[in-house]
Amino acid sequence: MRGRLCSQLPMFLLLLQPWETQLQFAGPRCRTGPLDLVFVIDSSRSVRPFEFQTMRQFLVSLLRSLDVGPNATRVGVIQYSSQVQSVFPLGTFSRRKDMERAIRTLVPLAQGTMTGLAIQYAMNVAFSVAEGARPPEARVPRVAVIVTDGRPQDRVAEVAAQARSRGIEIYAVGVQRADVASLRAMASPPLDEHVFLVESFDRIQEFGLQFQRRLCRKDLCAEGGHGCQHQCVSSPGTFHCACNPGYRLAADDKSCLALDLCTEGTHGCEHHCVSSPGFYFCRCRAGFVLQQDQRSCRAVDHCSFGNHSCQHECVSTFGGPRCRCRGGYNLLPDGRSCQAQDLCNGVDHGCEFQCVSEGFSYRCLCPERWQLQADGKSCSRCQEGHVDLVLLVDGSKSVRPQNFELVKRFVNQIVDFLDVSPEGTRVGLVQFSSRVRTEFPLGRYGTAAEVKQAVLAVEYMERGTMTGLALRHMVEHSFSEAQGARPRALNVPRVGLVFTDGRSQDDVSVWAARAKEEGIVMYAVGVGKAVEDELREIASEPAELHVSYSPDFSTMTHLLENLKGSICPEEGISAGTELRSPCECESLVEFQGRTLGALESLSQNLAQLTARLEDVENQLATQK
C-alpha cells in the first residue's frame, strides 16, 4: 500500500526551477490525506551557491502545493554534508509561511558528503514521535526524499535497508555527478519509481507537473465502497481503515473489535475492573469504598462513626465495630467495658522470686546476676561465667539507617550487662544482608568500652536478608579458635544471638540445626515483620526462653530483661579463680544484699495484692 502511496513523491522534484516565480503550480491545492514527509538535502561543497538557491526555491514552491497541517501533511527538512543539521522537525511548524521563512534563511554547510549519516539521523531522530512524527499505530505514511549531487563518502546500503524495514519509503534523486549505484542502494523498490537522475538543478522542474497529477488522484474514501466499519483514512492513491477510540482493527483490516481494557493489566484497580467500550472503571468488594484515585480501596471504618461506646479500643470489622481492651485488661460481658487483670495475684504462678503480669499471661523474674531455669520459675546463680558470644545483626535494606542506629544502641545495652574480658565474656559481631561481614571477631577486644566503640563504628550494609548464609558463617568461622573462640576442652559456653526484622531470603533450617549440633546455644530476637516460625527454627529449645519479639525498633529495649536472665556473664569457678570463704565479710555482705532484695520484691507484691483486695471490696460495696 505504501508503495502505491509514495510513488507520487518523485514528482516533488518536478517543482525545482531557478526562480520561484517560475515554480508556481496551476489549479487548487491537493488534499492527499495525512503524510509525514522529510526532505534530506545535500549541502556539501560541491553544490554551488546558485544551485543551492534553486534548491531553496524548489522547497518553497513545493510547500505551496501541499495540504500542510497537523492533521494533513507534516513537513521536516534536514541538510547534511560532513555533519547533519535539522532545519526544522516535523512537529515544529503547522503554518506554511513559517516553513518558507526557515527555508529562505538556510545556509549550506559546504563540507563533505556523509549521506549514510543523514539517513541514520532521519531514521532515528527526524521520524521519531518526539520530533513530531505520528506514532506507528496511526498508520500515517513516512516518506524521505534524498537529494544529492555526488558520491557518498560513507556506506549507505545497510542503513538505508534498516530505514526501509522500519516503514520509511525512500526516494533518491541524483543531480549531475550523483552516483547511480548509490541511488539504487538507497531507494525503495520498485527502483524505476523511486530513483531519479537529472542533468542539473535547472532541469528538476520537469518532474513537477507529473508529480502534481499523481498527488491529486481521487479520494477513494469519498467514492465509497471502502468497507470500513468506523473510519476511512484517505492517502494519495490509496486508503486504510481506522477504528473509533476503545476499538481495534480486526484481521480483515476493515471491521473493528471492542477493546477490553481490563484484560490488558494496566488498569491499576485494587479489587475489580469493569470494562466498557473505550473506557473502564474500578469497583471495590463489599465492605470497602473507592478512594479518590478511583483505583485503590479502603475498608469501611465503622469505628469512625463514633457510636461504638468502647471503653478502650474499637476495631472495625466487616460485620461492624468490635471492642478490644488494652494489654492487662479483660473485656466484660457487655462487650464494651474493660477490667484490669493481674494473673500474678489470681493464679498459683510458682515464681521463686518475682511474678510480673503481662496482659493475658505472666512471667517470672530473678534477681540481678541470677538465671531463670528451664522450668521458667526457679532461679539459680550461673555455674560458669565464661561465655563466647557472637551477635548476628541484620543489616538489610528493610531495617533503614535510623533503625540500624537503634540496633547498635541495643547491642551496646547488652554489652553493658556483660563482664567483657579475655578471661570472662568475649564478644564478636557479624553483620549480614545479601552477604556476610565480620565486624570484629571474638578475640579482638578485651573490654566493654572497646566493644561498644567498635559497635558504634559499624557501617550499615543495606540490600537483602540472607540469614541462612549468616548462620553458616557463624558456625564455620566465628566460633573458630582463629577468630578468638576458646578451645572446646575448656567447656566455655558458646552463645549465638540473631537479630532480624524480616523473613530470610534463604533457608535457615540447615545451619540453625547445625549450630545447635555444634553445642551453640541460639537466641533469636525479632522486630517488626520478623516471622515467628523462622525465629523458633533458629532458636534453641525451649523457644519461650530463647525467642524474643518487639513490634518496632523504638520499644525493643524491654527485651533486655529477658536476655539478662538468659545470657549469664557472671564469673564462675574455673582454673585460676580464687575461692572465697562464705564466712568472709564480703560474702556476708553479698548474701545480705541478695536477701534484702528478695524481701523488697516480696513486700512490693504484698502491697499490690492488698491494693487489689481493697479495689474489690470497694466495688462490692458500690454494687450493694
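Here are a few friendly notes on the cores and disulfides of this predicted model.

1. Let's start with the nonpolar packing. The largest nonpolar core has 31 residues, and Phe-499 and Met-556 have the most contacts inside it. At least two core residues each come from β23 (387-394), α10 (401-416), β24 (425-432), α11 (448-456), β26 (494-500) and β27 (520-527). Of these, α10 gives the most, with six residues.

2. Beyond its neighbours within four places in sequence, Met-556 is in contact with Leu-406, Val-407, Phe-410, Phe-499, Val-527 and Ser-550.

3. Now to the cysteines: the structure holds nine disulfides. One of them joins Cys-228 to Cys-241, with an S to S distance of 1.9 Å. Cys-228 sits in the loop between α8 (208-215) and β7 (231-235) and Cys-241 in strand β8, so this link ties together parts 13 residues apart in sequence. Cys-228 counts as buried at 12% relative accessibility, and Cys-241 does at 4%.

4. Another disulfide pairs Cys-310 with Cys-323 (S to S 1.9 Å). This link is left-handed, with -80° about the S-S bond. Cys-310 is in the loop between β14 (297-299) and β15 (313-317), while Cys-323 belongs to strand β16, so the bond connects parts 13 residues apart in sequence.

5. Do look at Cys-325 and Cys-338 too: their sulfur atoms are 2.0 Å apart in a disulfide. The link is left-handed, with -95° about the S-S bond. Cys-325 is buried at 12% relative accessibility, and Cys-338 is buried at 10%.

Notes: Residues numbered from 1 in each chain as written. Predicted model: local features only at pLDDT ≥ 70, side-chain atom pairs only at ≥ 80, totals over all residues. Heavy atoms only, no water. Core = buried A, V, L, I, M, F, W, Y, C linked by side-chain atoms within 4.5 Å. Buried < 20%, exposed > 50% of the residue type's maximum accessible area, 1.4 Å probe, protein only. Helix = DSSP H or I, 4+ residues; strand = E, 2+ residues; numbered from the N terminus. Contact = heavy atoms within 4.5 Å. Disulfide = S-S within 2.5 Å.
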